[in-house]
Amino acid sequence: MNEGNKGENIVLIGFMGCGKTSVTKELAKRLNLNFIDMDEKIEKAEGKTVSEIFRDHGEAYFRELETTYLKSLKDQKNKIISTGGGVILREENIEMLKKIGVVVFLQADVAHILKNIKDDHKRPLLQEEQDLEGKISSMLEIREPLYLSTANVIIQTSGKPIKSIVDEILAIL
Ligand code: S3P
């Protein structure tokens with residue numbers, strides 16, 4: 001990172017299964033910075049998994065927690081921040097993300113996302129879905145423009161190893 005970026009947080013956004021968590025951890029390691037995983041922090045604060053929060057209180061409640069947690073990040077510095085895939089669904093979150101740091105969108109195609117999440121039971125919005133591919137496609141159609149309009153940097157992740165995704169990010173920032 002150049003001198004101009006000193007102190008600035010890096011915020012990773014993107015659809016479920018695009019690689020945010022792995023890229024966040026690798027980026028933090030390479031830059032010798034701490035990372036924050038928003039979903040993990042929310043789970044810790046609530047004493048429940050994201051699935052349990054959705055099950056017990058519904059999605060709207062989770063979205064409130066997400067916005068509240070995002071607001072608490074405004075004074076952070078030098079952090080790599082991994083967000084939940086739906087963080088861009090609220091206009092006020094988009095504004096906050098842009099203020100918190102440089103926003104990197106990890107853009108993945110449906111096949112890549114499907115491969116990463118098909119055996120995963122941690123994502124409440126995709127559970128018990130007969131047509132998982134169709135569901136991902138229709139969610140992506142709504143979300144893609146939001147990710148794109150929030151991002152400062154766009155990185156394709158489909159089919160790439162984590163290391164080369166991180167190399168690309170570091171070459172740009
Ligand atoms: C969500 C994505 C999840 C988690 C929640 C909702 C979404 O995070 O925040 O299940 O709406 O896309 P990941 O993107 O880390 O899976």
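User: In this model, how close do the axes of α1 and α8 come, and at what angle do they cross?

Analyst: In this predicted model, the axes of helix α1, residues 20-31, and helix α8, residues 162-172, come within 9 Å and cross at roughly 60 degrees. The two helices are therefore oblique to each other, and α1 passes α8 in a right-handed crossing.

User: Which residues of α1 and α8 meet there?

Analyst: On the α1 side they are Ser 22, Val 23, Glu 26, Leu 27 and Arg 30, and they meet Ile 162, Lys 163, Ile 165, Val 166, Ile 169 and Leu 170 in α8. Sorted by class, the residues of this contact come to seven nonpolar, one polar and three charged.

User: OK, stepping back, how many helices and strands does the protein have?

Analyst: There are eight helices and five strands in the secondary structure of the protein, and from the N terminus on the elements follow the order β-α-β-α-α-α-β-α-β-α-α-β-α.

User: And what about the overall size, say the box and the radius of gyration?

Analyst: Taken along the principal axes, the C-alpha atoms fill a box of roughly 50 × 35 × 25 Å. The radius of gyration is 15 Å, which agrees with the value near 16 Å that a compact globule of 173 residues would have.

User: Back to helices: are α4 and α5 parallel or antiparallel?

Analyst: The axes of α4, residues 59-71, and α5, residues 91-100, come within 10 Å and cross at roughly 25 degrees, and the two are therefore roughly parallel to each other. The crossing in which α4 passes α5 is left-handed.

User: Which side chains' residues make that α4 and α5 contact?

Analyst: Thr 67, Leu 70 and Lys 71 contribute from α4, while Glu 92, Asn 93 and Met 96 contribute from α5. By class, the residues of this contact divide into two nonpolar, two polar and two charged.

User: What about α6 and α7, what angle do they cross at?

Analyst: Helix α6, residues 110-117, and helix α7, residues 132-150, have axes that come within 10 Å and cross at roughly 125 degrees. These helices are therefore oblique to each other, and their crossing is right-handed.

User: Which residues are in that one, and how do they split by class?

Analyst: From α6 the contact takes Val 110, Ile 113 and Leu 114, and from α7 it takes Leu 132, Glu 133, Ile 136, Ser 137 and Leu 140. The contact of α6 with α7 has six nonpolar residues, along with one polar and one charged.

User: Last topic: what surrounds the ligand?

Analyst: The residues around the ligand are Met 16, Lys 20, Asp 39, Val 50, Gly 84, Gly 85, Gly 86, Arg 123, Pro 124 and Leu 125.

User: How does that shell divide into nonpolar, polar and charged?

Analyst: The shell around the ligand has four nonpolar residues, three polar ones and three charged ones.

Conventions
Residues are numbered from 1 along each chain as its sequence is written. This is a predicted model: local features need pLDDT of at least 70, side-chain atom pairs count only at pLDDT 80 or more; totals for chains, interfaces and linings use all residues. A residue is near a molecule or strand if its C-beta atom, placed from the backbone, lies within 6 Å of it. Ala, Val, Leu, Ile, Met, Phe, Trp, Tyr, Cys and Pro count as nonpolar, Asp, Glu, Lys and Arg as charged, and the others, Gly among them, as polar. Axes are lines fitted to C-alpha atoms, for helices over the stretch in contact, and angles run from 0 to 180 degrees between N-to-C directions. Helices (H or I, at least four residues) and strands (E, at least two) are DSSP runs, numbered from the N terminus. Angles under 35 degrees count as roughly parallel, over 145 as roughly antiparallel, 65 to 115 as roughly perpendicular and the rest as oblique. A crossing is left-handed if the near helix is turned anticlockwise from the far one by less than a right angle, and right-handed if clockwise. Two residues are in contact if their C-beta atoms, placed from the backbone, lie within 7 Å. The radius of gyration is taken over C-alpha atoms; the globule rule is 2.2 Å times the number of residues to the power 0.38.
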